[in-house]
Amino acid sequence: MGSLYSEYLNPSKVREHYNYTKETLDTQETPSRQVALAVIIILCFAIVAENLLVLIAVARNSKFHSAMYLFLGNLAASDLLAGVAFVANTLLSGPVTLGLTPVQWFAREGSAFITLSASVFSLLAIAIERHVAIAKVKLYGSDKSCRMLLLIAASWLISLALGGLPILGWNCLGHLEACSTVLPLYTKHYVLCVVTIFSVILLAIVALYVRIYCVVRSSHADVAGPQTLALLKTVTIVLGVFIVCWLPAFSILLLDYACPVRSCPVLYKAHYFFAFATLNSLLNPVIYTWRSRDLRREVLRPLRCCQRAAGVQGRRGGTPGHRLLPLRSSSSLERGTHMPTSPTFLEGNTVV
């Protein structure tokens with residue numbers, strides 16, 4: 001066991017693997033590279049801020065404490081952590097990479113894989129929840145909150161296990177011929193395994209949504225109403241954006257598995273594909289706040305409070321008693337009835 005991990009703190013191992021898989025080692029900080037890094041870091045901070053506002057909105061308003069919103073909050077949490085992981089990955093890239101020990105390199109890359117896994121499992125949970133709600137299946141029972149939290153916890157445990165496999169031993173230290181070109185300390189078989197798992201899960205999600213649409217089209221008007229169709233459109237947009245953003249990165253990883261070492265120059269530009277994939281975590285909060293008036297209002301409440309407080313301080317003799325009004329539902333259905341017992345997401349207040 002000691003020999004397996006004996007190279008984890010060797011400061012020359014990362015350079016050795018990069019020398020083997022890369023034609024040249026770009027260790028110079030050019031102005032264009034510095035500008036690109038600055039832009040990526042700014043985008044990552046925007047990712048963190050957006051998803052933090054969504055998490056605060058879901059946590060502070062009991063109206064959003066249904067199954068669908070909890071899963072949505074879990075997706076926002078994974079996107080927020082993805083933003084943090086991308087910042088760390090960016091700051092530890094370039095010339096800094098060659099000074100890392102293998103255990104530091106595994107932590108850098110593993111964090112990105114963990115957050116990606118959590119996002120995929122969150123999308124799967126959302127698809128299952130939508131199928132359960134549309135099909136009127138009573139899956140949760142009286143202790144639904146406990147079961148939902150257990151499902152979310154299980155998704156994170158699986159994500160941690162999947163992202164932690166390389167640091168636990170499934171890597172190519174001591175076996176250079178088995179190494180990935182894009183991720184030089186990961187074995188090609190691990191990269192293929194992860195991409196295959198994600199692809200199977202995404203196909204299962206697509207199959208669930210196809211079945212949901214079939215159920216909706218064959219149902220009565222109370223099920224296949226405009227609100228339900230708008231809801232399905234929202235979650236389908238989220239899924240579609242994920243696939244569009246991550247498909248190039250998945251494709252480059254599959255090409256990495258198929259190409260012998262140093263035979264596919266496009267693999268040396270893989271960072272552009274992963275930078276494009278980070279847009280997914282930036283766009284998700286925009287999508288589900290744009291589609292829901294109530295969630296949008298709740299997300300913007302902290303910003304409006306800060307703006308109003310600043311306006312009061314800068315204004316003399318303001319009107320006393322003028323304050324922010326509480327959140328009101330934009331749905332006449334919710335104003336006239338109780339919240340539905342089945343898990344819902346943006347129902348009654350989703351904008352088509």
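Is F113 buried or exposed? Hold that thought for a second. First, a caution: this is a predicted model. Now the reply. F113 is buried, because its relative accessible area is 10%, and the cut-off for buried is under 20%.

Let's start with the whole chain. How many helices and how many strands are there in the protein chain? The count is 11 helices and 0 strands. Read along the sequence, the pattern is α-α-α-α-α-α-α-α-α-α-α. The protein chain has 352 residues, and 45% of them count as buried. Now think about contacts between residues at least 6 apart in sequence. Of those, 80% join residues at least 24 apart.

Next, two helix pairs. Take helix 2, residues 31–60, and helix 3, residues 67–91. Their axes come within 8 Å of each other. The crossing angle is roughly 155°. Over 145 degrees counts as roughly antiparallel. Helix 2 and helix 3 are therefore roughly antiparallel to each other. The crossing of helix 2 past helix 3 is left-handed.

Which residues in helix 2 and helix 3 meet? On the helix 2 side, they include L37, I40, I41, C44 and I47. On the helix 3 side, they include Y69, G73, A76, A77 and L80. Sort the residues of this contact by class, and you get 18 nonpolar, 4 polar and 1 charged.

Now compare that with a second pair. Helix 1 covers residues 13–21. Helix 1 packs with helix 4 at an angle of about 65°, and their axes are 8 Å apart. Angles of 65 to 115 degrees count as roughly perpendicular. So helix 1 and helix 4 are roughly perpendicular to each other. Here K13, V14 and Y18 in helix 1 meet P102, W105 and R108 in helix 4. By class, this contact has 4 nonpolar residues, no polar ones and 2 charged ones.

On to the rings. Two things describe a pair of aromatic rings: the distance of the centres and the angle of the planes. How many aromatic pairs does the count come to? It comes to 11 aromatic pairs. I will show you two of them.

Pair one is F106 with Y186. The centres are 6.2 Å apart, and there are 5° between the planes. This pair is stacked. Where do the two residues sit? F106 lies in helix 4, residues 102–134. Y186 lies in the loop between helix 5, 144–168, and helix 6, 188–217. These parts are 80 residues apart in sequence, so the pair ties them together. F106 and Y186 are buried.

Pair two brings back F113, again with Y186. The ring centres are 5.5 Å apart. The planes stand at 80°, so this pair is edge-to-face. It links distant parts of the chain too: F113 is in helix 4, Y186 is in the loop between helix 5 and helix 6, and they are 73 residues apart. How accessible is Y186? Y186 counts as buried, because its relative accessibility is 0%.

Now put the rings together. Which residues do ring pairs link into a cluster? They are Y8, W105, F106, F113, W170, Y186 and Y190.

Let's turn to helix 7, residues 226–258. V238 lies in helix 7. V238 is buried, because its relative accessible area is 6%. What is V238 in contact with, leaving aside neighbours within four places in sequence? The partners are L75, L123, N284, I287 and Y288. Look at I287 in particular. V238 and I287 are 49 residues apart along the chain, yet their C-alpha atoms are separated by 7.0 Å.

Last stop: the loop between helix 7 and helix 8. Helix 8 is 270–277. One is P260. P260 counts as exposed, because its relative accessibility is 53%. From P260 to E177, C-alpha to C-alpha, is 9.1 Å, and the two are 83 residues apart in sequence. The other is R262. R262 is not a glycine, but it has a positive phi of about 65°. R262 is partly exposed, with a relative accessible area of 38%.

Key
Residues are numbered from 1 along each chain as its sequence is written. This is a predicted model: local features need pLDDT of at least 70, side-chain atom pairs count only at pLDDT 80 or more; totals for chains, interfaces and linings use all residues. Side-chain values use heavy atoms; hydrogens and water are left out. Axes are lines fitted to C-alpha atoms, for helices over the stretch in contact, and angles run from 0 to 180 degrees between N-to-C directions. Helices (H or I, at least four residues) and strands (E, at least two) are DSSP runs, numbered from the N terminus. Angles under 35 degrees count as roughly parallel, over 145 as roughly antiparallel, 65 to 115 as roughly perpendicular and the rest as oblique. A crossing is left-handed if the near helix is turned anticlockwise from the far one by less than a right angle, and right-handed if clockwise. Contact means heavy atoms within 4.5 Å. Ala, Val, Leu, Ile, Met, Phe, Trp, Tyr, Cys and Pro count as nonpolar, Asp, Glu, Lys and Arg as charged, and the others, Gly among them, as polar. Rings of Phe, Tyr and Trp (its six-membered ring) pair if their centres lie within 6.5 Å; planes under 30 degrees apart count as stacked, over 60 as edge-to-face and the rest as tilted. Buried means under 20% relative accessible area, exposed over 50%, partly exposed in between (1.4 Å probe, protein chains only).
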